[in-house]
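Q: Hi! Could you walk me through this protein while I look at it?
A: Happy to, let's take a look together.

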Amino acid sequence: MQRLLAVLLILIGVIGLVLGRLGETTWAPPTETTATVELSSPGPAVVIDPGVLYVGGQEGEVTIEGSSDVSLITADNSDIEAYLADTAYTRITGASDWSTLSTEAVNPEGATELSDPTGSDLWRTVETKPSPYTVEIADFAAEEHGDNQQAYRAILVVTDGTEAGADSVSITWPVENENEWVPFAYAGGAAIAVIGLVLLVVSIGGRRREDDEDAELEATDAATETDRAAVDPEVEAGAAAGTPADAESDDMTTDGVTSDSEAPGDPVRLFHDDTEVLAPVDGKGDDVADPDAGRPSPTGPEDNAWGLGEDRGTPEDVDDRDSEDRR
């Protein structure tokens, strides 16, 4: 159960890390925003008012598309208005939102053509490039605020003077945008995964200790069974012979008396102090030879009440006679 929980925690942690990565890549919000305007009948010229390029900051890019080569002209806003006084043109005044540029039509009833739009002596800079024409906002800002300052310049966009000044204009700005939950996904996933790893290591270590203990118990049981197997044959051999397993002789010695075992009913040959004494044995234990039979009485024949000296009768008769003598 502990190992299963550890694996589950590791899986949850990995999922958290994956979600964090997806939040930075696939699911990440846009890191830039683009405002665009499509121009259907802009006239022979399109003017971008001063400051419009900086709505989203001084980083980004301007892209202009036209039907032919595009000429980008910079000049004071007043000079451009004077030059286009009798011509129909379109102004880009700003961004209505972060995806749309706002426009305004000027002199809609004016002339629809310009003669030699790039040859006027009013212009500060003139540059012509194939469509689409791109401008780095940072470079444009550097020209306005550098050594040769040209602040608050307007931009005049034309083609050949007879076609539309531009078909579309878009401005892209970088934005600092990210999923706020990404750091929490990383931190939470990493913490849960580490806890799961630690728990897994602990569970594996505990399992190994249990296996080692089981192995030791099995080894102990095996050794015990081996010892028993080594002892049992000796016990069984002794039981089959009818005598203890460690018996090595049929001779039995008790208190210095040695006997040779014979068949039940045969006399038992007893030896005491090299003196042979015969005693009948019936094999049932009814008549047991006294190991002291034949031994001289330590007090003399007269005191021997067991018939080895003078026959004085039974011990009871001897006691009666002694009583009479004392009287």
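What follows is a short chat about surface patches, a strand and a contact.

Q: Before we start, what kind of model is this?
A: This is a predicted model, where local features need pLDDT of at least 70 and side-chain atom pairs count only at pLDDT 80 or more, while totals for chains, interfaces and linings use all residues. Residues are numbered from 1 along each chain as its sequence is written, and side-chain values use heavy atoms, with hydrogens and water left out.

Q: Which helix gives the most to it?
A: Helix H1, residues 2–24, with six residues. Helices here are DSSP runs (H or I, at least four residues), and strands are runs of E, at least two, numbered from the N terminus.

Q: And why does Leu11 count as partly exposed?
A: Because its relative accessibility is 48%. Buried means under 20% relative accessible area, exposed over 50%, and partly exposed in between (1.4 Å probe, protein chains only). Leu11 sits in H1.

Q: New topic: which residues gather in the negative patch?
A: Glu38, Glu65, Glu113, Asp160, Glu163 and Asp167. Asp and Glu count as negative, Lys and Arg as positive, and His and the chain ends are not counted.

Q: Where is Asp160?
A: Asp160 is in the loop between strand E9 (153–158) and strand E10 (168–174).

Q: How many of E9's residues are buried?
A: Six of its six. On one side are Arg153, Ile155 and Val157, and on the other Ala154, Leu156 and Val158. In a regular strand the side chains alternate between the two faces of the sheet.

Q: Which strands join E9?
A: Strand E2 (residues 45–48) runs antiparallel to E9 with four bridges, and Ala45 has Val158 as its bridge partner. Strand E4 (residues 70–76) is also antiparallel to E9, with six bridges, and Leu72 stands opposite Val157. Two strands pair if DSSP finds at least two bridges between them.

Q: Last one: how many residues apart are Glu24 and Asn179 in sequence?
A: They are 155 residues apart in sequence, and 7.4 Å apart in space, C-alpha to C-alpha. Glu24 is in H1.

Conventions: Patch = residues over 30% accessible without salt bridge, like charges linked within 9 Å, V, L, I, M, F, W, Y side chains within 5 Å. Areas by Shrake-Rupley, 256 points an atom, 1.4 Å probe, with all protein chains shown as cover. Salt bridge = Lys/Arg side-chain N within 4 Å of Asp/Glu carboxyl O. Charge placed at Lys NZ, Arg CZ, Asp CG, Glu CD.
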